[in-house]
Amino acid sequence: MDNPYIPRVVRILRIQKETPDIKTFSLECPMDFSCGQFLEVSSFGTGEAPISISSSPGEKFLQISFKRVGCVTEGLFNLKKNDYLGIRGPFGNGFPIEQLESKDIIFIAGGVGLAPLKSLLKFIICAKRIKTGNITLLYGARTAQDMLYKKELEVWAKQIKVLLTVDTPSCGWKGRVGVVTLLLDEIKINSLKTKAILCGPEIMMRFVSAKLIELGVNTADIVLSLERQMKCGMGKCGHCYIADKFTCVDGPVFTRAELDGLVPTEII
Ligand SMILES: Cc1cc2nc3c(=O)[nH]c(=O)nc-3n(C[C@H](O)[C@H](O)[C@H](O)COP(=O)(O)OP(=O)(O)OC[C@H]3O[C@@H](n4cnc5c(N)ncnc54)[C@H](O)[C@@H]3O)c2cc1C
Ligand code: FES
């Protein structure tokens, strides 16, 4: 049996610079995984960080998109095409795909939080493995320059409803300005058949959850992907616990209903 603590060494086949501080790597690494799972990614000499898989199952290459915020992500950011990095995983529970059948799905993302949602979004709209109702993507970033997947957003906008917003208008941005929560005022929600899938800064998910509840969406139908501090990724070290749950194995995907029993709503 492979030692789960020893990273697999994989080659970077392609690097896409998404924003000044976010890159997407395509990796030479066939792997079975579910949408919403994550990897422990290491740049040698700097350490490991949990990063979501942003490609969909069945796509040619495994992809990750990460933001340069500290030591490990800086180390990754400096790697070049054909360099090697380490990965462990996949880890975590992933999104509840079977519960999305025939539902209207609203994806709501902030910043680099779009990365894990892209995996699921592409799985649904490209692979067409499940039949859903209306699909909407609401995405907010600090500025237009900070938006991920600019080309894909244009493609998706021809297939599903896509609403974008920025905190600060710049670079000739002519679209919406304001927090992503405001985009919920622009769409019709059938609260009885809606599943909302959220990923982004915790404060954004807190306000979006509150607005969805106000609009009548059941807390069991609000699904959040959390980004907590982690180490082992396997439920051993206790770094990522929330009450009696480990975010790395019981999550990172939780429903709002599950979280309500674990943490005060002013935290997430
Ligand atoms: C399940 C999961 C999936 C993730 N997916 C992605 C992804 O797809 N793309 C991506 O860019 N990032 C993702 N993250 C966040 C990423 O793991 C952290 O940004 C990374 O660990 C930072 O490591 P570092 O050594 O570069 O920075 P550090 O030196 O560890 O941290 C730099 C700063 O960021 C803060 N920070 C670090 N980690 C977190 C965290 N998890 N939550 C909040 N603040 C944090 C630190 O407190 C510090 O202020 C994910 C996290 C989790 C748990
Ligand atoms: S990261 Fe070690 S228990 Fe979750």
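Reader: How much space lies in the second largest pocket?

Author: About 300 Å³ of space lies in it. Keep in mind that this is a predicted model.

Reader: What makes a residue part of that pocket's lining, and which ones lie nearest its centre?

Author: A lining residue has an atom within 4 Å of a grid point of the pocket. For the second largest pocket 15 residues pass, and Arg14, Gln16, Glu18, Tyr149 and Glu152 are the ones nearest its centre. Strand S1 (8-19), helix H2 (114-125) and helix H3 (150-157) each bring at least two residues to this lining.

Reader: What is the lining of the second largest pocket like by class?

Author: It splits into 3 nonpolar, 3 polar and 9 charged residues. Asp, Glu, Lys and Arg count as charged, so Arg14, Glu18 and Glu152, among the residues nearest the centre, belong to that class.

Reader: OK, on to the largest pocket. How much space lies there, and which residues are closest to its centre?

Author: About 1200 Å³ lies in the largest pocket. Its lining has 49 residues, and Lys67, Val69, Val112, Gly113 and Glu227 come closest to the centre. By class, that lining holds 22 nonpolar, 17 polar and 10 charged residues. S4, S5, H1, H2, strand S8 (135-141) and helix H4 (202-214) each give at least two residues to it.

Reader: What takes up space in the largest pocket?

Author: Ligand 1 does: the space it takes is the largest pocket. The rule here is that more than half of a molecule's atoms must lie within 2 Å of the pocket's grid points.

Reader: Which residues are closest to ligand 1, and which elements do the shell residues come from?

Author: The shell has 21 residues, with Pro50, Ser65, Lys67, Thr73 and Arg228 the closest. Strand S4 (47-52), strand S5 (62-67) and helix H1 (71-77) each supply at least two of the shell residues, and S4 has the largest share, 4 residues. By class the shell is 13 nonpolar, 5 polar and 3 charged.

Reader: How do you know that Pro50 makes a polar contact with ligand 1?

Author: An oxygen atom of ligand 1 is 2.6 Å from a polar backbone atom of Pro50. The cut-off for N or O pairs is 3.5 Å, so this pair counts as a polar contact.

Reader: What makes Asn82 stand out in its backbone, and where does it lie?

Author: Most residues other than glycine have a negative phi. Asn82 is not a glycine, yet its phi is positive, about 75°. Asn82 lies in the loop between H1 and S6.

Reader: Why is the peptide bond from Gly89 to Pro90 called cis?

Author: Its omega is near 10°, and the bond is cis. Pro90 lies in strand S6 (residues 84-91). The bond from Gly251 to Pro252 is also cis, with omega near 15°. Pro252 lies in the loop between strand S14 (245-246) and strand S15 (253-255). Most peptide bonds are trans.

Technical notes. Residues numbered from 1 in each chain as written. Chains lettered and ligands numbered in written order. Predicted model: local features only at pLDDT ≥ 70, side-chain atom pairs only at ≥ 80, totals over all residues. Heavy atoms only, no water. Near = heavy atom within 4 Å. Polar contact = N/O pair within 3.5 Å; in protein donor to acceptor, adjacent residues only side chain to side chain. 1 Å grid on protein atoms, 1.4 Å probe; cavity = no way out; pocket = protein on both sides within 12 Å on 5 of 7 lines; lining within 4 Å. Points joined across faces, edges and corners; volume = space filled by probe spheres on them.
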